[in-house]
Amino acid sequence: AYAVAAAAALAEFDFDYLAGDRATRLTQPTLVIWGEYDPILPLQAGRDMAARIAGAEFRVIERSWHRPHQERPAETARLMAEFLAKLPPERPQATRP
């Protein structure tokens, strides 16, 4: 179920938003997942994107092309779960009265 939900969410993501210098402004923990055989954006494009994001992790899904989240949703979900498990718990933020 998680894999299907992850694939659906990623299908709606606007990847063009990270074009240019926007990626350099990201400050939150970031996982960049790329398809090994992407014919549209080669692996180096993914590596370059991850390099522009401070502290980003770059992972390749083998035997996958341009949409690894749809082509190999279980592998995508596994990588996402591993990444999220390494993050520190979020601290509750104080609310104003």
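Arg-63 counts as partly exposed, at 49% relative accessibility; the class covers what falls between buried (under 20% relative accessible area) and exposed (over 50%), with a 1.4 Å probe and protein chains only. Arg-63 lies in the loop between β2 and α3. Its phi is near 55 degrees, a positive value in a residue other than glycine. Most residues other than glycine have a negative phi.

This is a predicted model, in which local features need pLDDT of at least 70 and side-chain atom pairs count only at pLDDT 80 or more, while totals for chains, interfaces and linings use all residues. Residues are numbered from 1 along each chain as its sequence is written, and side-chain values use heavy atoms, with hydrogens and water left out.

**Fold and surface**

The protein has four helices and two strands, arranged from the N terminus as α-β-α-β-α-α. These elements are DSSP runs numbered from the N terminus: helices are H or I with at least four residues, strands are E with at least two. Of the 97 residues of the protein, 26% count as buried. The accessible surface comes to about 7,100 Å², and 56% of that surface belongs to carbon and sulfur atoms; areas come from the Shrake-Rupley method with a 1.4 Å probe, and for residues only the protein chains shown count as cover. Among contacts between residues at least 6 apart in sequence, 67% join residues at least 24 apart, where contact means heavy atoms within 4.5 Å.

**The strands and the crossover**

Strands β1 and β2 pair in the parallel sense over five bridges; two strands count as paired if DSSP finds at least two bridges between them. Trp-34 stands opposite Val-60 in β2, and the bridge partner of Gly-35 in β2 is Ile-61. Together, β1, α2 and β2 make a right-handed β-α-β unit. Right-handed here means that, with the strands pointing away from the viewer, the path from the first strand over the helix to the second runs clockwise. Four of the five residues of β1 are buried, so this strand is largely enclosed by the rest of the structure.

**The nonpolar core**

The largest nonpolar core has eight residues in all: Ala-23, Leu-26, Val-32, Trp-34, Met-49, Ala-50, Ile-53 and Phe-58. Such a core is a set of buried Ala, Val, Leu, Ile, Met, Phe, Trp, Tyr and Cys residues joined through side-chain atoms within 4.5 Å. The elements that give two or more residues to this core are β1 and α2. In soluble globular proteins, nonpolar side chains tend to be buried together. Phe-58 touches Val-32, Trp-34, Leu-43, Gly-46, Arg-47 and Ala-50, not counting residues up to four places away in sequence. Helix α2 also holds Ala-45, which is partly exposed at 26% relative accessibility. The C-alpha atoms of Ala-45 and Trp-34 are separated by 9.2 Å, the two residues being 11 apart along the chain.

**Aromatic pairs**

The structure holds two aromatic pairs. The rings of Trp-34 and Phe-58 form a tilted pair, and this pair links strand β1 (residues 31–35) with strand β2 (residues 57–61), across 24 residues of chain. Rings of Phe, Tyr and Trp (its six-membered ring) pair if their centres lie within 6.5 Å; planes under 30 degrees apart count as stacked, over 60 as edge-to-face and the rest as tilted. Trp-34 is buried at a relative accessible area of 10%, and Phe-58 is buried at 19%.

The other pair, Tyr-37 with Trp-65, is also tilted. Tyr-37 comes from the loop between β1 and α2 and Trp-65 from the loop between β2 and α3, 28 residues apart. Tyr-37 is partly exposed, with a relative accessible area of 44%, and Trp-65 is partly exposed as well, at 43%.

| Pair | Centre to centre | Angle between planes |
|---|---|---|
| Trp-34 and Phe-58 | 6.4 Å | 45 degrees |
| Tyr-37 and Trp-65 | 6.0 Å | 40 degrees |

**Pro-39 and the loops**

Pro-39 lies in the loop between β1 and α2 and is exposed, with a relative accessible area of 65%. Leaving aside neighbours within four places in sequence, Pro-39 is in contact with Trp-65 and His-66.
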